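Let's walk through this fold together, one question at a time. Have the viewer open and follow along.

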Amino acid sequence: MTQKVAVLGTGKIGEALLSGMIRGGWAPADLLVTARRAERAEELRARHGVTPVTNAEAAKTADTLILTVKPQDMGALLDELAPHVPADRLVISGAAGITTASIEERLAAGTPVVRVMTNTPALVDEAMSVISAGTHATADHLAHTEEIFGAVGKTLRVPESQQDACTALSGSGPAYFFYLVEAMTDAGILLGLPRDKAHDLIVQSAIGAATMLRDSGEHPVKLRENVTSPAGTTINAIRELENHGVRAALIAALEAARDRSRELAAGKKD
């Protein structure tokens, strides 16, 4: 692979992407990184063999720029990049809530922009990355983006109008599962189990359930019904979940996450 790819603002997700790309066949010499701190940039060079550069150097040198900064830092980064990004560069944004149109208007006319929402399972090559094309992005640009993010998990193309919903569902999704595991672990302790045993029971149950959801082809309702015997333990637990409005709370939580993504797009920081 001869194209140069630069990851700008390389944090945990950016580093996971670099690592996955190298495992997928990219040569470290073709990967550029920028970081806010010089020590961080040198750490990335030592760990992965990639080349630290400035943001301006990345814009001038790389064929593809992947912007992994936080949404509130995107404006300043685009101001820095704008004088140096030729219109033939592919710009990939990983910032929640930031639209392709808002990036396009800050860069040279005709610059292809692709928006991606990935999530933290990229750290273990199990990410879900949702990809949307901007006005000037072609099928080749989308395929190239899928090739990059496919190195750390699965990819899915959606219209950009669905990105805020995807951010709420999969971008923030791992946190909901961690929250559930935390609560179930506390319940296990309340029921008399040591924390480590409760944790192991829940984590393996989660892995098994996720594998069944992925591989069985069955609807989750059917899989749940297979565990739910008449007058048994599971149905009593599910009754309590319904009594406490867990389903409604989850729907409200995802709506709140979607709304916050829209606020970020509008430039609201607090």
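Q: Which residues in α8 do A168, L169, S170 and G171 in α7 meet?
A: This is a predicted model, in which local features need pLDDT of at least 70, side-chain atom pairs count only at pLDDT 80 or more, and totals for chains, interfaces and linings use all residues. Residues are numbered from 1 along each chain as its sequence is written, and side-chain values use heavy atoms, leaving out hydrogens and water. Taking contact as heavy atoms within 4.5 Å, the α8 residues that meet this part of α7 are G173, P174 and Y176.

Q: At what angle do helix α7 and helix α8 pack?
A: Helices (H or I, at least four residues) and strands (E, at least two) are DSSP runs, numbered from the N terminus. Axes are lines fitted to C-alpha atoms, for helices over the stretch in contact, with angles from 0 to 180 degrees between N-to-C directions. For α7 (residues 163–171) and α8 (residues 173–190), the axes are 5 Å apart and the angle is about 30 degrees.

Q: Which strands stand at the edges of the sheet?
A: Strands pair if DSSP finds at least two bridges between them. The open sheet has 8 strands with mixed pairing, in the order β3-β2-β1-β4-β5-β6-β7-β8. Two of them have a single partner strand each, so one side of each is left without a neighbour in the sheet: β3 (51–52) and β8 (153–157).

Q: Which residue in β3 does V33 stand opposite?
A: Strand β2 (residues 31–33) runs parallel to β3, joined by 2 bridges. There, V33 faces P52.
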